[in-house]
Amino acid sequence: MAHEPPTAPAAMSTLNKKRPKIDLTVQTGERRRGKSMFGIVLGTLNKAKLEDRERNASEAAKKRHLLEQRLQAKLQKETDSVRRAEEAKKDKTTANRKEEELQLKDSIYKLRRIRLPLLSNFLSTSDIIPSDLTSTTLSEPLAPLPRSHPPPLYYRPAILTPSQDAFLAKRQVEVVEAAEKEWLAFREERTIGIEEIKRLRQRVAEEEARQRKEREADKQETPNDSGQDKEAEEQPVKELESEMEVDEERRSESAVRKEDVGRESDRKDEPALMQADDEDAVEY
């Protein structure tokens with residue numbers, strides 16, 4: 001079935017149909033609303049900045065600053081005190097350890113000074129007695145006997161040969177001289193060690209005396225300063241709480257203003273929208 005062309009009245013109604021007009025009043029209203037909301041937000045931020053600046057410049061902020069300075073000074077003082085106490089403890093441990101080492105060395109060198117000259121009067125199974133003793137010297141007079149199996153033994157014959165007698169006489173002299181040199185070297189080392197121990201213990205004693213003075217000073221200052229510290233700490237807190245309450249009230253007021261402005265802008269935009277809808281209607 002062929003498509004019939006439209007009749008004359010239908011064609012006239014199609015030609016006379018008007019295109020809907022685009023009204024820009026809606027977009028303008030939304031732009032105004034956005035500008036107003038942005039202005040409110042910007043004003044709130046500036047107001048909060050000014051309030052923060054005034055709060056920092058207030059008397060409560062100064063008191064808080066002074067309180068923070070006092071707390072920082074107290075913390076620094078306690079940190080230094082703990083550090084010095086740790087150093088004193090370390091010095092005390094070092095002094096005790098050095099003293100024990102010196103006591104052990106002292107007993108060892110005293111025993112060697114007495115025992116080695118006595119042992120030099122005896123021969124050992126590891127001794128090699130040279131035939132000519134005029135040009136020979138013992139390399140290490142205080143050296144211990146070499147390890148072997150079976151181990152070497154000390155002995156002294158009832159009747160010594162001339163070479164044995166000369167060997168023992170020469171060794172006695174060298175061992176005594178070497179033992180005295182060893183003892184003198186240890187005495188110098190012991191003197192230096194004793195001075196270091198005294199210095200360490202003097203530092204420990206000074207630190208203990210300083211700690212006693214601090215404890216006595218704290219005991220004297222505690223009854224007088226405890227009430228003042230509590231008042232100084234409570235007063236900024238109370239003022240801060242009051243300021244926070246004021247800030248919350250101002251924020252709630254600003255939020256209410258924003259809601260009111262939003263509602264007014266919505267009311268202003270509603271007639272424009274209704275007008276645009278009326279104009280967009282097409283009559284057939």
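Helices here are DSSP runs of at least four residues, numbered from the N terminus. With that in hand, this predicted model can be explored through its salt bridges, of which it holds 16.

Glutamate 214 and arginine 210 both belong to helix H4, where they sit four residues apart, about one turn of the helix. Their side chains join in a salt bridge, with an N to O distance of 2.3 Å. The two also take part in a network of salt bridges that includes Arg84 and Glu207.

Aspartate 91 and arginine 203 form a salt bridge at 3.0 Å, N to O. Aspartate 91 lies in helix H3 (residues 59-119) and arginine 203 in helix H4, so this pair ties together parts 112 residues apart in sequence. Aspartate 91 is buried, at 11% relative accessibility, whereas arginine 203, at 38%, is partly exposed. Glutamate 99 and arginine 201 also make a salt bridge, their closest N and O atoms being 2.2 Å apart. Because glutamate 99 lies in helix H3 and arginine 201 in helix H4, the pair links parts 102 residues apart in sequence. Glutamate 99 is partly exposed at 27% relative accessibility, and arginine 201 is partly exposed at 37%.

Turning to the nonpolar side chains, the largest core consists of five residues: Leu116, Leu142, Val175, Ala178 and Ala179. Helix H4 (residues 162-280) supplies the largest share of this core, three residues. Beyond its neighbours within four places in sequence, leucine 116 contacts Leu111, Leu142 and Val175.

Terms used. Residues numbered from 1 in each chain as written. Predicted model: local features only at pLDDT ≥ 70, side-chain atom pairs only at ≥ 80, totals over all residues. Heavy atoms only, no water. Core = buried A, V, L, I, M, F, W, Y, C linked by side-chain atoms within 4.5 Å. Buried < 20%, exposed > 50% of the residue type's maximum accessible area, 1.4 Å probe, protein only. Helix = DSSP H or I, 4+ residues; strand = E, 2+ residues; numbered from the N terminus. Contact = heavy atoms within 4.5 Å. Salt bridge = Lys/Arg side-chain N within 4 Å of Asp/Glu carboxyl O.
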